[in-house]
Amino acid sequence: MEERLRTEFNQWARAGSAERMERGHLPVGLQALARLNVERTACGLDLGCGSGWATRWMAERAADGFAVGIDLSDEMVRVARGRSADFRNAYFCAANAERLPFADGRFSCAFSMESLYYYADIETALRELHRVLMPGARVVVVVDLFRENRATHGWIERLNMPVQLLGVDEYRRLFEVAGFVEIEDGRIYDPTPVTEEYPMRWFASRADYLSYRAEGSLLITARKPRDERRS
Ligand SMILES: C[S@@+](CC[C@H](N)C(=O)[O-])C[C@H]1O[C@@H](n2cnc3c(N)ncnc32)[C@H](O)[C@@H]1O
């Protein structure tokens, strides 16, 4: 399964999808990142970084720190590195979110957009995320494919790879099981004006696309406890 995902996302990267996703995800992604409060000395982690746009956003704010983007697809990592040549504190590596190649407590904040539902084992990935975060570190996650947003369910057929369809409560529970606290969910809406056009590859009709936009993206924020003994 890991190889299948890597092969498919490598093809996406070669076909220019990393940059296309960056453009498509920015209007919601920037609103989500604003909740992360990245400090000057921050050490940020971006899970499933794609083109690395969110990694660069964190690196820019963490002038005396750094940001690391990881992605299962080595071709995505290649694109991310290429687009980050001007950054001295943005790093990228090919890795599976379920086995993070980092020491315990390495990062002070983490972000992930449109990546979690591709993971074979989301619980293990969130436990890994918890492990590599410092006590008190904040996490911001966005997903568009979730049970409550019915218009996105068609993606399951359209995507040439396995994905997990979870509801808001299931996501919340996974964060809880992984040891996170202050778990909150919300929605973020894309402010881009809707035109007559709609992405026909992903939606059966314009009505479906409008329903997707109206339902919004699922935002989950959480924190690693400051003091594990008290959680
Ligand atoms: C839909 S793209 C989103 C990319 C980027 N976050 C964005 O917003 O543009 C999903 C990304 O997650 C990565 N991915 C999927 N499964 C992964 C895993 N198990 N570990 C790390 N990355 C993974 C894919 O390679 C892909 O680049």
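Ala67 sits opposite Ala90 in S3.

Reader: What makes S2 and S3 partners?
Author: Two strands pair if DSSP finds at least two bridges between them. Strand S2 (residues 66-71) is joined to S3 by 5 bridges, and the two run parallel. The strands themselves are DSSP runs (E, at least two residues; helices are H or I, at least four), numbered from the N terminus. Mind that this is a predicted model: local features need pLDDT of at least 70, side-chain atom pairs count only at pLDDT 80 or more, and totals for chains, interfaces and linings use all residues. Residues are numbered from 1 along each chain as its sequence is written.

Reader: Why are S3 and S6 said to stand at the edges?
Author: The open sheet has 7 strands in the order S3-S2-S1-S4-S5-S7-S6, with mixed pairing. Strand S3 (90-94) and strand S6 (181-188) each have a single partner strand, so one side of each has no neighbour in the sheet.

Reader: Why is Asn37 called exposed?
Author: The cut-offs count other C-beta atoms (placed from the backbone) within 10 Å of a residue's own: 20 or more is buried, 12 or fewer is exposed, and in between is partly exposed. Asn37 has 11 such neighbours, so Asn37 counts as exposed. Asn37 is in the loop between helix H2 (17-33) and strand S1 (43-47).

Reader: And why is Glu114 called partly exposed?
Author: Glu114 has 19 C-beta neighbours inside 10 Å, so the label is partly exposed. Glu114 lies in the loop between strand S4 (107-113) and helix H5 (122-132), and its phi is near 55°, a positive value in a residue other than glycine.
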